[in-house]
Amino acid sequence: MTEKEKILTVENLSVIFSDSGASKRVIKDISFTLHKGEILGIVGESGSGKSVTVMTIMGLIDSPPLIKNKGSIIYKDSELLTLTNREYRKIRGKEISYIFQEPMTALNPVFTIGDQLTETIREHNRGMSRKDAVKKGISLLEEVNIPDPVQRMKNYPHELSGGMRQRAMIATALSCNPKILLADEPTTALDVTIQAQILSLLKDLVKKRDMSLIFITHDLGVIAEVADNVLVMKDGEIVERGGVVDIFHKPTHHYTIDLLSYISGREV
Ligand SMILES: Nc1ncnc2c1ncn2[C@@H]1O[C@H](COP(=O)(O)OP(=O)(O)OP(=O)(O)O)[C@@H](O)[C@H]1O
Ligand SMILES: [Mg+2]
């Protein structure tokens, strides 16, 4: 079997924040690799460093609180940690895209879904006409299974349900055909039925578009649904890693065993 192509390699990454004047290592020497077509789950309790990890990959951590990064993040052949903001903008939202927990904070309430989607599409495709951007927007809404997309383009964010808003966010994130999608608790705010639908959509999109996905959650049950491989984080460190089946059947770290005990009794 040929080894899968690596798309992102994080090596010995540490992230140091200022914390009331003192410095605090919030990510401590973590290393992992994401392959083409892989869904990598990151799980861990609140404050374990999941969001800081993906925000660092996206180059979105402000200084302060950031004091310094150490280590390396290689995307294809580029070192991301040393990119200038301008260089980062060529990667962020184009090669690597992201979706967050609460689409209401990412969507602007005073513009329609269609306006926001077409604006992002035109940002990524300079010179594209408005008409073509609208067409592409509609086809993206179709791709994320939003019914009646022509009508939905005219809606404001608050006129959509939570699940539909998250689908609209996913459509926006896909508008540049990213190679990597980073999803930070994208289903946490949704009820379980809708959550299952969004997870299944993300899995289908990864396969169809040959993307890679890093999926963050505090819920191992969700990881079991989507991920191929899992990183378990605690206090800024990776305390356990492996294939999803191994993590569920042969957890070695007591922390993973604790996390698993929360979901025992639930079908996963
Ligand atoms: N803007 C910030 N300023 C100062 N410290 C921060 C900031 N953002 C995160 N931290 C600290 O960095 C550490 C990691 O936080 P992070 O947000 O990555 O956790 P998380 O695993 O995503 O948690 P959650 O599940 O609650 O989202 C925590 O100790 C947190 O307090
Ligand atoms: Mg977080």
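## A residue to start with

E185 sits in the loop between β7 and α8; helices (H or I, at least four residues) and strands (E, at least two) are DSSP runs, numbered from the N terminus. Phi of E185 is near 50°, a positive value in a residue other than glycine. At 10% relative accessibility, E185 counts as buried, where buried means under 20% relative accessible area, exposed over 50%, and partly exposed in between (1.4 Å probe, protein chains only).

Before going on, please keep in mind that this is a predicted model, in which local features need pLDDT of at least 70 and side-chain atom pairs count only at pLDDT 80 or more, while totals for chains, interfaces and linings use all residues. Residues are numbered from 1 along each chain as its sequence is written, and side-chain values use heavy atoms, leaving out hydrogens and water.

## The sheet

Six strands form an open sheet with mixed pairing, in the order β6-β7-β8-β3-β9-β10; two strands pair if DSSP finds at least two bridges between them. β6 (96-99) and β10 (237-243) stand at the edges with a single partner strand each, so one side of each is left without a neighbour in the sheet. From one strand to the next, the twist averages 15°.

Strand β3 (residues 39-44) runs parallel to β8 (residues 212-217), joined to it by five bridges, and I42 stands opposite I216 in β8. Five bridges also join β3 to β9, again parallel, with V232 in β9 as the bridge partner of V43.

Helix α1 (residues 50-58) lies across β3, β6, β7 (180-184), β8 and β9 (229-234), running at about 150° to β8. Helix α8 (residues 192-209) packs on the sheet too, touching β3, β6, β7 and β8, and its direction makes about 160° with that of β8. Contact here means heavy atoms within 4.5 Å; axes are lines fitted to C-alpha atoms, for helices over the stretch in contact, and angles run from 0 to 180 degrees between N-to-C directions.

Which residues of α8 are buried? They are Q195, I198, L199, L201, L202, L205 and V206. They cover an arc of only 160° around the axis, which puts them on the same side of α8; the arc is that of the directions from the helix axis to the C-beta atoms. The face of α8 turned away from its buried side carries the exposed residues T193, K207 and K208. After α8 comes D210, with a positive phi near 50°.

## Nonpolar cores

In the largest nonpolar core, of 46 residues, V144, I170, L202, L213, F215 and I223 touch the most other members. Such a core is a set of buried Ala, Val, Leu, Ile, Met, Phe, Trp, Tyr and Cys residues joined through side-chain atoms within 4.5 Å. Leaving aside neighbours within four places in sequence, the contacts of F215 include L40, I42, L199, L202 and I223. Apart from this core lies another, of 32 residues, among them I30, V54, Y88 and L182.

Most residues other than glycine have a negative phi, and most peptide bonds are trans. A cis peptide bond joins S63 and P64, with omega about -10°, and another joins P64 and P65, with omega about 10°. P65 lies in the loop between α1 and β4.

N177, in the loop between α7 (162-174) and β7, has a positive phi of about 55° although it is not a glycine. At 40% relative accessibility, N177 counts as partly exposed.

Technical notes: Chains are lettered from A and ligands numbered from 1 in the order in which they are written.
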